[in-house]
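Please open the model in your viewer and keep the sequence panel at hand. The tour below moves from one selection to the next and says what is found at each stop.

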Amino acid sequence: MPTVNPEPLWRPDPQRIAESQVTRFQTWAAEHHGAPSEGGYPALHRWSVDELETFWKAVTQWFDVRFSTPYARVLGDRAMPGAQWFPGATLNYAEHALRAAATRPDEPALLHVDETHEPRPVTWAELRRQVGSLANELRALGVRPGDRVSGYLPNVPQAVVALLATAAVGGVWTSCAPDFGARSVLDRFQQVEPVVLFTVDGYRYGGKEHDRRDVVAELRRELPTLRAVVHIPLLGTEAPDGALEWSAVTAGDEEPVFEQVPFAHPLWVLYSSGTTGLPKAIVQSQGGILIEHLKQLGLHCDLGPDDRFFWYTSTGWMMWNFLVSGLLTGTTIVLYDGSPGYPDTGAQWRIAERTGATLYGTSAAYVMACRKAEVHPARDFDLSRIQCVATTGSPLPPDGFRWLHEEVRDDLWIASVSGGTDVCSCFAGAVPTLPVYTGELQAAGLGTDLQAWDPSGHAVVDEVGELVVTNPMPSMPVRFWNDPDGSRYHDSYFDTYPGVWRHGDWITVTTRGSVVIHGRSDSTLNRQGVRMGSADIYEVVERLPEIKESLVIGLEQPDGGYWMPLFVHLAPGAVLDEALLGRIKQAIREQLSPRHVPDEVIEVPGVPHTLTGKRIEVPVKRLLQGTALDKAVNPGSVDNLDLLHFYEDLARKRA
C-alpha cells in the first residue's frame, strides 16, 4: 500500500505553531535537556523515544510535577511487562488535579450539562471543598490506601468529586455507567471487592427517566465487601435503608489532605471487554497516569487554563477518566449526561456552542451520523471558539474529515486519535504543529515508539501491520487485578512479540509519519467507543432456551459505520420469529447495554470451533471482510470446516 503524497486537508498557521505548548516545550527542552531545536515535531519525537528517560524527566519539570519524596532515577527497569517508573518517588494525582483552585478559585472547573443543554458551573473552590469533605468522610469510613471505591454513576460532577476524593486518600477508583445491567457491573466490581459504592437512583437518557434502584439493590446484595453505600438522588428519590446521603458526606469545609503514595500506587481500575471470559481488571498508577495525561492533554491537545474541554463519554469508558484529567492542565472540563443525539442529531454541537468548548471530542460514528442526517454545525451554531474537533472509538473515515472541514470550518484542526483502555491514553493522534491528511492520524505520541510489524517482527512502512509499542509507557498497567503471577497480563500483550507490546490493531505507518488505523486484529466489539467482549453477549443470549449457541462479530465498514451481526444456532424445533428476535434484543439491552444490541440476528446451521472447543471469531470476521477461506483460517484447526462456507457465502452476497 504505497503512500501517495496528497495535499494536506489542513496546515497549522505559523502563529499557532509558535504559540503551541509543544513548540515551547521543545525550545525549553533543547536548552535544558539536549532536545533538538530544529526539525520540529518529527525530530522531537525521535529524541523522545531515543532518550526516553530524559524526555520523561523533562515532562515532569515542564509541568511542575510535585514529588513529595524524590525519585532515584526515571526508569528503574525498562523491561516490559513490569517497567519501574520513578522508583522512590511519592506524589498524589488529586493534588495536581486541584492545583488551579489556588489561583482561580471562582472560575469554573466543571461545566455540567444535561439534556436541557443548560450548563451549570462548579468552581475550582467548590470542587476542592467537596473533595476535601468527601475525602474526610471516606477516611472516617475506614477507607485506607489501596482500598477500592466504586461508582455506578453517569457523567455528573459527583462522579468527578468521588474519583478525586478516592485518589486523595490513596484509594483505588473504579466505575461503570448506569446503563450497564447488574451482571455486567458485577462481573467487573466483584473482581476488585469495593468497600464503598456510590450510586444514583436512576438516570435520564433520550428524554426518559430510567429507574435503577432494583439494580442498585442487587449490587448491594452481591458485593459483600461493601462497608458503605452513598446515594445520589438524581431522580429525587429517598435514600434506601442504610445508605448515606451525598449531601451529608459533602457538606463539610475541610481542606483536602492528599495521601502521598508511591509513583506506582494504583489510581484506578479500568476494564477490558471480556472477549474470552471475565473482563480484565486493568490497574493503572497515580504517577503513570499523571505524567502521561499531562503530556497528552498539555502537549498533544494543547490544553491550558483558557480552554474548555468537552468529550462525549460515559463513566464506563476510559475517555471519561481522560476527560477528568483535563483538570491537571487547569482546563475547565464539560460533563454531559444524556443521549448524544437528543433532542436531535445536532445535540453535541449545541452543547459545544453553549459551553464555549475549545476542544470538542466525539466518536467517529457520531460525525458520520451528522453527515448522514445533513446536520450543518457552522450554519446552525456559533462554533467560533472550537480550535480542535477530535474523534475516537473507531477510525474516522475520509468522508468524515471532509465533512468536518466543510461543515464546521475550513481552518479546523481535526484530530483522529487512537489508543486504548489498556493505557488510558493515545498511541497516535493529535499534534497541533503538524498538517492533517484526510483519513490519517497525525503522528505517534511523544515517548511512544509506535511501529507496524509483520508476523516475523519486522517493522514495515506503508504496509499494514500489527500495532506495537517497543518501549514502555508510564500509563501501561502496573498489573491486572487477581493476576498474581502476571500471566494474564503477559498473555494479553506480550505473547506474540516477547518484550514488545502488541495492541491488537491493524495499522499502517506512512513515510510521512502519519498513521492509518484499519480496525481490530482481534474480535473485540467496539460500539460508539465502548468495547464489550463477545463472552458477555453469549452469556445473556444463550440463557434463552431457543438458542443452542451463538456467535457475534463486529465489523468496521468502509463508510465509517459498524456492522454487528449476531449469528444464532437454534435449538431443535425453535423458530427465529419476531417474538424470539424481540426477546434476544431485550435481553441484551436490559442485561448488558443498549449499545450492544446487534444490527442483525441471523440463523446459522452451526457455530465453528477450534479443536479445543473455542468459538472461531477472528477467522469468521476475516471471512466477512472478504478474506479467502484458505487465508482466513488454518483448516486443520477447525472442528467443522463446512460450517465456514456459510459465512463465506454471506460475505459474497453482502459484497
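Helices (H or I, at least four residues) and strands (E, at least two) are DSSP runs, numbered from the N terminus. This is a predicted model, in which local features need pLDDT of at least 70 and side-chain atom pairs count only at pLDDT 80 or more, while totals for chains, interfaces and linings use all residues. Residues are numbered from 1 along each chain as its sequence is written, and side-chain values use heavy atoms, with hydrogens and water left out.

**First stop: a pocket**

Select α14 (364-372), β28 (515-520) and β29 (525-527), each of which supplies at least two residues of the lining of the second largest pocket. Which of the elements gives the most to this lining? It is α14, with five residues. On a 1 Å grid over the protein atoms alone, a pocket is an open set of points where a 1.4 Å probe fits, with protein on both sides within 12 Å along at least five of seven lines, and lining residues have an atom within 4 Å of a point. The second largest pocket is lined by 33 residues, and P397, Q557, D559, G560 and G561 are those that lie nearest its centre. Its volume is about 780 Å³, where grid points are joined across faces, edges and corners and a volume is the space filled by probe spheres set on the points.

**Second stop: the cysteines**

Next, display C370 and C424. Buried means under 20% relative accessible area, exposed over 50%, and partly exposed in between (1.4 Å probe, protein chains only). C370 is buried, with a relative accessible area of 0%, and C424 likewise counts as buried at 0%. With a disulfide taken as a pair of cysteine sulfur atoms within 2.5 Å, the structure holds zero disulfides.

Now colour β31, β34 and β35, three strands that form an open sheet of mixed pairing in the order β31-β34-β35; two strands pair if DSSP finds at least two bridges between them. β31 (547-552) and β35 (600-603) stand at the edges with a single partner strand each, so one side of each is left without a neighbour in the sheet. From one strand to the next the twist averages 25°. Strand β34 (residues 565-570) and β35 run parallel and are joined by four bridges, and V568 stands opposite E603 in β35.

Centre on L335, which is found in strand β17 (residues 332-336) and is buried, with a relative accessible area of 0%. Not counting residues up to four places away in sequence, L335 touches several residues, among them L110, H112, N155, P157 and L323.

**Last stop: backbone geometry**

Finally, select P343, in the loop between β17 and α13 (347-355), where a cis peptide bond joins Y342 and P343 with omega about 5°.

Terms used
Axes fitted to C-alpha atoms, helices over the stretch in contact; angles between N-to-C directions. Contact = heavy atoms within 4.5 Å.
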